[in-house]
Amino acid sequence: MRTLFDSSKNPLFRLMCRLVNEINSGAKLTRKEIRNRIFSMPEFIYFEAPETEKEENIIDTLFDFDENGFAKNHIRQSVTLPPNDVEIGFLKTMLEDDEVNFLLPDDLRKKLSERIENFIPLYGSKNWHKLRPKNTEEPEGKILSDKLSVLVEALRKRSEISCAGKKIIPCRLEYDFSSDKYFLLTWSEEKNIVEKIPVGKLEKILPTEKNIPADVEEKFQKFYSTNTAEISLSVRNTRNAVERCFALFGMYEKKARFQDDGTYLLTVEYFKPDEEEILEKIFSLGAAVTVLSPKNIRERIIKKFVAIKNLYQ
């Protein structure tokens, strides 16, 4: 397959490999959809003319199409893509950043560091500065890293942890970019609910050898799916409001659409217990944002601003 391209670093080659893997996993892709995926590549403008002949030939070489117009692979096995220089550079940066030591076990970090010893980091620590919010409750440095290491390892092994002598069943680890805080989502067997705990408030975290019960993941998913809500915002692109929105709601599932009037329609899916945090984030955006739905959130926003107005009258 690589003979169709200059090298495995060719962006078109990498896209075709991803398409092969997607189709092998059950994706239904038409010729038009494959062609659009090619044409949407940032590198496409640099490809040689004629504009479509080369791409159509590659599509015909790699894929057949059934009677419904969906692509079928000549290649039955998934394609393993070697990492490109940018990916290796990013990995090198992460391996050299002490703040993310918790992401990998020490022995794996050491092996990876040795394998890519001669690669250049994607960027150096001197080229950027992380702005941290004032008065954060999150512990700094090694204390936080040690806590996160225990949590990540427990999530990887699907094992319970002990926190100040109390059993905790970890399910998810979240990071809020805007507040620079980590949160642990846990399953409470006593209350039969999901609880969200700031990692900074966890004390004396220790790993255990006890496995998480097999049905916890199913219970977690069911509870989470029945306790989510959506909020739709109209965002005016003033005072970096769009960028601020994506930073504030960075850990939430969201959809954005640019509208004809120049505003953005942003829909954010959130966990219902996070509603107070969602409201605080919206208030911080000021007049650049209008809450479109749901009605109860709009009413709470209005009451809040009326109360503030009355306070200063």
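**Helices and a sheet in a predicted model**

Q: Which strands stand at the edges of the open sheet?

A: The sheet has four strands in the order β10-β11-β9-β12, with antiparallel pairing; two strands pair if DSSP finds at least two bridges between them. An edge strand has a single partner strand, so one side of it is left without a neighbour in the sheet. The strands in this position are β10 (253-258) and β12 (289-293).

Q: Which residue of β11 is the bridge partner of A256?

A: Strand β11 covers residues 264-271, and β10 pairs with it in the antiparallel sense over six bridges. The bridge partner of A256 in β11 is L266.

Q: Are α8 and α9 roughly parallel or roughly antiparallel?

A: The axes of α8 (residues 241-248) and α9 (residues 275-285) come within 11 Å and cross at roughly 165 degrees. Angles under 35 degrees count as roughly parallel, over 145 as roughly antiparallel, 65 to 115 as roughly perpendicular and the rest as oblique. The crossing angle therefore makes α8, relative to α9, roughly antiparallel.

Q: Which residues of α9 make the contact with α8?

A: Contact means heavy atoms within 4.5 Å. On the α8 side, the contact is made by A241, R244, C245 and L248. On the α9 side, the residues are K281, S284 and L285.

Q: How are α9 and α10 oriented to each other?

A: Their axes come within 11 Å and cross at roughly 55 degrees, with α10 spanning residues 295-311. The two helices α9 and α10 are therefore oblique.

Q: How many residues in the contact of α1 with α2 are charged?

A: The axes of α1 (residues 11-24) and α2 (residues 31-39) come within 10 Å and cross at roughly 145 degrees. The contact is made by L12, L15, M16, L19 and E22 of α1 and I34, R37 and I38 of α2. Ala, Val, Leu, Ile, Met, Phe, Trp, Tyr, Cys and Pro count as nonpolar, Asp, Glu, Lys and Arg as charged, and the others, Gly among them, as polar. The contact has six nonpolar residues and no polar ones, and its charged residues number two.

Q: Is I88 buried or exposed?

A: I88 is found in α4 (residues 85-95). Buried means under 20% relative accessible area, exposed over 50%, partly exposed in between (1.4 Å probe, protein chains only). The relative accessible area of I88 is 11%, so I88 is buried.

Q: Which residues does I88 touch, not counting residues up to four places away in sequence?

A: The C-alpha atoms of I88 and P121 are separated by 7.9 Å, although these residues are 33 residues apart along the chain. With residues up to four places away in sequence not counted, I88 touches P83, I116 and F119.

Definitions and conventions. Residues are numbered from 1 along each chain as its sequence is written. This is a predicted model: local features need pLDDT of at least 70, side-chain atom pairs count only at pLDDT 80 or more; totals for chains, interfaces and linings use all residues. Side-chain values use heavy atoms; hydrogens and water are left out. Axes are lines fitted to C-alpha atoms, for helices over the stretch in contact, and angles run from 0 to 180 degrees between N-to-C directions.
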